[in-house]
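Here's a quick briefing to read with the model open beside you. Take a look at the structure first, then work through the points below.

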Amino acid sequence: MNNYTNINFIKKILTNKDLLIADFGLEKEGLRIIKDAKLSLSKHPQIFGNKLYNPYITTDFSESQIEIITPTFDTIDETLDFLSFIIDLVNNSISEDEYIWPQSLPCILPKDHMIPIAEYEGKKGIASMEYRKQLAQRYGTKKQMISGIHYNFSFKEKTIQKLYKNTDKTINYQDFKNQIYLKISRNYLRLKWLLIYMTGNSVAAHKSFTEECINLMQYEDANNSVYSKDGISFRNSKIGYKNVDPLYPRYDTVENFVHDVNTFIDENFISEAKELYTQIRLKPKNPENYLESLEKDGIKYVEIRTIDLNPWEKTGISKKDMEFVHLFIIYLLICEESDYDNWQEESVYNEELIAQKGFTKNLKLIKDGREITFKSWANQIINQIDNLNKTLELSKEHIIENLRNKLDNPDKTYASQLISQVEKENFIDSQLKLAIKYKEESIQNFNIDEIKDNPKLLKYYQEALP
């Protein structure tokens with residue numbers, strides 16, 4: 001089973017195409033706002049039809065929180081092109097005086113009880129509404145308004161089959177496939193702090209957000225918002241959307257993971273499986289029967305939930321960052337694991353330390369129970385990713401260069417750039433300006449005649465506006 005951790009074995013069995021062509025998908029959350037950057041309190045636009053059945057456009061917690069879901073595509077370019085098209089469609093379909101907030105931390109919010117919980121129809125819809133009401137009671141409505149990017153990934157089936165055919169078959173294929181995604185998940189949880197540093201971008205909040213968040217920010221801007229110069233991603237900090245009690249399911253087998261999640265439900269730590277807010281989720285074939293499908297059908301793909309919205313991209317994520325995450329996943333599959341027992345507790349400590357104090361000079365993380373400087377550990381990982389990239393001939397040198405640049409020059413990080421923008425323009429005005437800009441771009445890009453002449457786009461258009 002351990003052959004796939006050997007980079008030379010991977011090189012012998014797989015081509016670079018086997019690794020670069022995969023199944024990619026994105027989910028982008030965003031708040032609908034009105035002209036003054038206040039949350040829109042109107043219902044989810046009727047033009048998108050029944051939100052339970054629209055394949056691309058739905059809501060998350062709130063009527064005001066649009067969620068765009070892409071199908072899976074073979075390449076990052078196709079995924080981003082589709083997401084951009086649906087964003088253009090959404091911007092052209094919402095009210096003339098509405099925009100999509102480009103930040104992970106919310107816009108100007110009303111009082112908690114005024115935030116509209118998503119409404120649904122039918123028996124299934126009633127269950128969805130009741131679930132959201134429970135979440136509102138447990139976590140509050142304002143925390144639910146945090147938004148982000150979810151990155152869905154799986155290797156092509158033929159890629160995993162190639163590995164399996166050339167491995168000592170002591171287990172069946174489904175268990176082998178499960179072990180691949182379980183290893184990626186374990187290593188992701190250990191090392192997600194690096195992704196937070198490289199993509200984190202939630203360092204400012206309006207004073208209408210939670211008091212817990214405001215108390216962590218040291219500075220005020222000129223327009224009733226607060227911000228931090230120490231942190232990287234307050235969405236991923238202790239004030240983010242996390243379970244009330246820390247929960248650590250086992251990731252050694254699917255069966256143990258399912259057992260532990262059922263235990264959390266039985267002991268009332270969570271109401272159902274989807275309330276387990278891990279930074280990476282194991283996704284089964286049938287999400288409606290999550291735990292049963294996970295045990296029966298195995299892991300279909302993984303969902304990475306750490307990534308903040310990038311306000312300087314209309315899609316909320318750049319191609320360069322998508323390529324980095326892809327390369328990171330390949331690294332997570334191959335890199336060695338430690339046998340340190342308290343690795344999950346340690347991973348949460350490192351995650352929250354980087355999220356809240358990532359710009360602190362000489363910052364130290366904990367690795368297998370011992371202190372290590374953030375920069376030296378990050379350099380080790382980047383060097384290993386660089387070696388992987390060269391050995392497997394993946395041609396991602398520009399990604400490695402970008403990682404080194406951000407590590408050596410913190411002012412190149414998104415979080416640092418946002419701090420500078422907030423100090424120049426203030427948080428609300430700077431982000432509102434971007435929201436207006438992206439809507440104007442969407443209106444310019446959207447040509448219904450071109451859509452009608454393109455069978456693929458016409459199909460997407462008709463499915464998105466049933």
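Let's start with Asn166, which sits in the loop between α5 (157-165) and α6 (173-199). Keep in mind that this is a predicted model.

- The Asn166 side chain gets to the backbone oxygen of Lys162, at 2.8 Å.
- Ile13 is 153 residues away from Asn166 in sequence, yet the two C-alpha atoms are 7.5 Å apart in space.

**How α6 packs on α11**
- Two packed helices are described by the angle between their axes and the distance between the axes.
- For α6 and helix α11 (residues 343-357), that angle is about 5° and the axes are 9 Å apart.
- Angles under 35 degrees count as roughly parallel, so α6 and α11 are roughly parallel to each other.
- Which residues meet here? On the α6 side they are Arg186, Leu189, Arg190, Lys192, Trp193, Ile196 and Tyr197. Facing them from α11 are Trp343, Gln344, Ser347, Val348, Asn350, Glu351, Ile354 and Ala355.
- Sorted by class, the α6 contact with α11 is made up of 8 nonpolar, 3 polar and 4 charged residues.

**Helix α3**
- Helix α3 covers residues 76-93, and at 1.5 Å a residue its 18 residues should span 26 Å. The C-alpha atoms at its ends are 26 Å apart, which agrees with that expectation.
- How many of the 18 residues of α3 are buried? The count is 14, so α3 is largely enclosed by the rest of the structure.

**Two positive phi angles**
- Most residues other than glycine have a negative phi.
- Ala37 isn't a glycine, but it has a positive phi of about 70°. You'll find Ala37 in the loop between β1 (22-34) and β2 (57-59).
- With a relative accessible area of 0%, Ala37 counts as buried, because the cut-off for that class is under 20%.
- Asn426 isn't a glycine either, and its phi is positive too, at about 80°. Asn426 belongs to the loop between α14 (414-425) and α15 (427-445).
- Asn426 is buried as well, with a relative accessible area of 8%.

Notes: Residues are numbered from 1 along each chain as its sequence is written. Side-chain values use heavy atoms; hydrogens and water are left out. Helices (H or I, at least four residues) and strands (E, at least two) are DSSP runs, numbered from the N terminus. The expected span of a helix is 1.5 Å times one less than its number of residues. Buried means under 20% relative accessible area, exposed over 50%, partly exposed in between (1.4 Å probe, protein chains only). A polar contact is a pair of N or O atoms within 3.5 Å; within protein, one must be able to donate a hydrogen and the other to accept it, and residues adjacent in sequence count only if both atoms are side-chain atoms. Axes are lines fitted to C-alpha atoms, for helices over the stretch in contact, and angles run from 0 to 180 degrees between N-to-C directions. Angles under 35 degrees count as roughly parallel, over 145 as roughly antiparallel, 65 to 115 as roughly perpendicular and the rest as oblique. Contact means heavy atoms within 4.5 Å. Ala, Val, Leu, Ile, Met, Phe, Trp, Tyr, Cys and Pro count as nonpolar, Asp, Glu, Lys and Arg as charged, and the others, Gly among them, as polar.
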